[in-house]
Amino acid sequence: MKNRVILGIVVGVSCLAAWNPPFQYPDHWPAPQYAFEHNAIDSLKRELGRALFYDPILSADSTVSCASCHSPYQSFAHTDHAVSHGINDQLGNRNAPVLINLAWQRQLMHDGAIAFFDFQPLAPITHPKEMGEDLRHVLIKLNRQPRYQRELFAIYQDSTMTSERLLKCMSQFLLSLVSADSKYDQVQGGVLSFTEQEQSGYRVFQAHCARCHTPPMFTNYAFANNGISVDPMYQDSGRYKISHQAQDVFRFKVPTLRNIEFSYPYMHDGRYATLREVLQHYSRDYHSNEGAADVSLPLSFSEKEETDLLAFLLTLSEPAFNFKKENQFPRAFFQR
Amino acid sequence: MRLGCFILMWFWGNLKAQHDIHLKWNFHSTDPYLNIEVCKFYVGNFVFYNHGIEVGRAEDYFLMERLKREELVFHECINTGFDAFEFQLGVDSITHERGVMMGDLDPVQNMYWTWQAGYIDAKIEGKWKEHPFQLHLGGYQHPYRADQKVRVSCSKVQYEYQFDSFLDIGFIQRLNEAMGDNGCLIMSPRTEAVEWMQWIANKMMEH
């Protein structure tokens, strides 16, 4: 795989585990959306961001970290949980999405509420049903921690945690979560070949799915109403809640299908436990909400095509990504 | 003085004072039924003009807050007189794109919507005859872009000048029009927020 390098700078001396980025992605991918000129890739900042990601100190009662709902073993999604869990056993109303290839996303969250990447962690940190904290208080707590003071000094020659440092370091970690080595990628690179069934599924995919789940990112980053019924408990209007535009009622961001195998349950509210159920929604259901349809349901594919499509979707998995040590809990940092 | 809600805009410049420019905003109520608890807003991207020609600028953003920070001083911003200036009321979309920043734009200032990216351009909170109002005005994207360009013409063109304007801005009347049974709440980008920001900008331009 031919890689591009955005920028790699190593500053200072730190006790955090060495990890040498730089930010890499396949040559045939589009340019990232993230403005790296405001936050150039730096391995020490990335490592500090990783520590923050796993640290429950960000929540009001120090029980919930980002990793509580974004497990590295599921491509940073929340397997088996339909919706996110927060402090005091509270439940949110949306499923935690995978955290991969985020540098290409222009808008984050299912409804695109967050348009500026660095600010994204503020949403879960301050949400009363997630971490329920106040940014000012988070900074006070972090500034009492010698382990953070040491690392901050190594990076900035100043041991004060500020909101800018907190958020930009977290961005560094999140941006580094690039998954680009699935079987699909290896087929594209001429290293492997699809099986007959996968190839058949690829044809079904191109005919019915690729318009929204566009390769190579397997999303077009748009918002779409895929026709699923409205959950009577959540009454979630999706993108409309942010845009207040009538055409956005029940539209949600088209998710990437990369590592879809690991990110069950599916849909914005986690209503489908398996990929088979998702495909059955598209092949058998009719449009079931009052918003404008962006998908003409049911899509016409047979049971065999459905199975072939499933086989193709599994080629979008990169199991090794889930076990990369550099993405996991930084034990050494918390033992010091 | 009749009852009302007034805005004082005041500026002052002096050649002997190294061309410092002082700008002051003061929201003041003389109506006993109106209790303004919070009034804070962003201003920035100041440009000073003389006969239509730019003579100085200060591109930073500043968070003004009633009773806490009502005056700005620009040191040696220009070396000539000026007859007009303009500024951004609220944070423009370009600044939004620059990512997280410190100082007045630090998200710890509680002027950032954490669940919907974007700065809150202005917050006005309080009670009118026990009816609460909370105006959180902002939005950076069409059609709910709320930040406004404010241009103020000065009546005197000289090196030493002083100007003040003490206006009844009709806030209570405007608030009454917006009040429902439970008060007036605007907590997200929407048409009403844009209209409020346009109204405030227009009031700042009247003097």
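**Exercise 1. Find what share of the residues in chain B is buried, and describe the secondary structure of that chain.**

Solution. Start with burial: in this predicted model, buried residues make up 32% of the 207 residues in chain B. Next, take the secondary structure, which comes to three helices and eleven strands. Read from the N terminus, the elements of chain B follow the order β-β-β-β-β-β-α-β-β-β-β-α-β-α. Finally, turn to the contacts in chain B between residues at least 6 apart in sequence, of which 73% join residues at least 24 apart.

**Exercise 2. Work out how strand 8 of chain B pairs with strand 7 and with strand 11 of chain B.**

Solution. Begin with strand 7 (residues 120–128) and strand 8 (residues 131–138) of chain B, which run antiparallel and are joined by eight bridges. Within this pair, B:Ile124 stands opposite B:Leu135 of strand 8. The two strands form a hairpin with two residues between them, and B:Lys129, in the turn, has a positive phi of about 50 degrees.

Now move to the other partner: strand 8 of chain B pairs with strand 11 (residues 184–186) of chain B in the parallel sense, over three bridges. Here the bridge partner of B:Leu135 is B:Ile186, in strand 11. Putting the two steps together, B:Leu135 stands opposite B:Ile124 of chain B and is also bridged to B:Ile186.

**Exercise 3. Describe the elements of chain A, and decide how its radius of gyration compares with the globule rule.**

Solution. Count the elements to begin with: chain A has twelve helices and two strands. Their order from the N terminus is α-α-α-α-α-α-α-α-β-α-β-α-α-α. The radius of gyration of chain A is 20 Å, close to the 20 Å that the globule rule gives for 336 residues, so chain A is as compact as a globular protein of that length. Its C-alpha atoms fill a box of roughly 60 × 50 × 30 Å along the principal axes. As for burial, 47% of the 336 residues in chain A are buried.

**Exercise 4. State how chain A is divided into domains, and describe the contact between them.**

Solution. The domain assignment gives domain 1 as 36–179 + 321–335 and domain 2 as 183–317. The C-alpha centres of the two domains of chain A lie 27 Å apart. Their contact takes 25 residues from domain 1 and 24 residues from domain 2. On the side of domain 1 that touches domain 2, the residues divide into nine nonpolar, 13 polar and three charged.

**Exercise 5. Describe the contact between chain A and chain B, and then the nonpolar cores.**

Solution. For the contact, count the residues on each side: 23 come from chain A and 16 from chain B. The side of chain B that touches chain A is made up of eight nonpolar, four polar and four charged residues.

Beyond four places in sequence, B:Leu137 touches several residues, including B:Ile120, B:Ala146, B:Ile186 and B:Trp196. A second, separate core of 17 residues includes A:Tyr184, A:Leu257, A:Tyr266 and A:Val278.

**Exercise 6. Decide whether A:Ser62 and A:Asn101 are buried or partly exposed, and describe the backbone at these residues and at two prolines.**

Solution. A:Ser62, in the loop between helix 1 and helix 2 (66–69) of chain A, has a positive phi of about 55 degrees. Because 14 other C-beta atoms lie within 10 Å, A:Ser62 is partly exposed.

A:Asn101 lies in the loop between helix 2 and helix 3 (122–126) of chain A, and its phi, near 55 degrees, is likewise positive. A:Asn101 has 23 other C-beta atoms within 10 Å, so this residue is buried.

A:Pro216 sits in the loop between helix 8 (196–208) and strand 1 (223–224) of chain A, whereas A:Pro265 sits in the loop between strand 2 (252–253) and helix 10 (275–284) of chain A.

Methods. Residues numbered from 1 in each chain as written. Chains lettered and ligands numbered in written order. Predicted model: local features only at pLDDT ≥ 70, side-chain atom pairs only at ≥ 80, totals over all residues. Helix = DSSP H or I, 4+ residues; strand = E, 2+ residues; numbered from the N terminus. Rg over C-alpha atoms; globule rule 2.2 N^0.38 Å. Buried ≥ 20, exposed ≤ 12 C-beta atoms within 10 Å, placed from the backbone. Contact = placed C-beta atoms within 7 Å. Nonpolar A, V, L, I, M, F, W, Y, C, P; charged D, E, K, R; others polar. Domains from an automatic or database assignment. Core = buried A, V, L, I, M, F, W, Y, C linked by C-beta atoms within 7 Å. Pairing = 2+ DSSP bridges.
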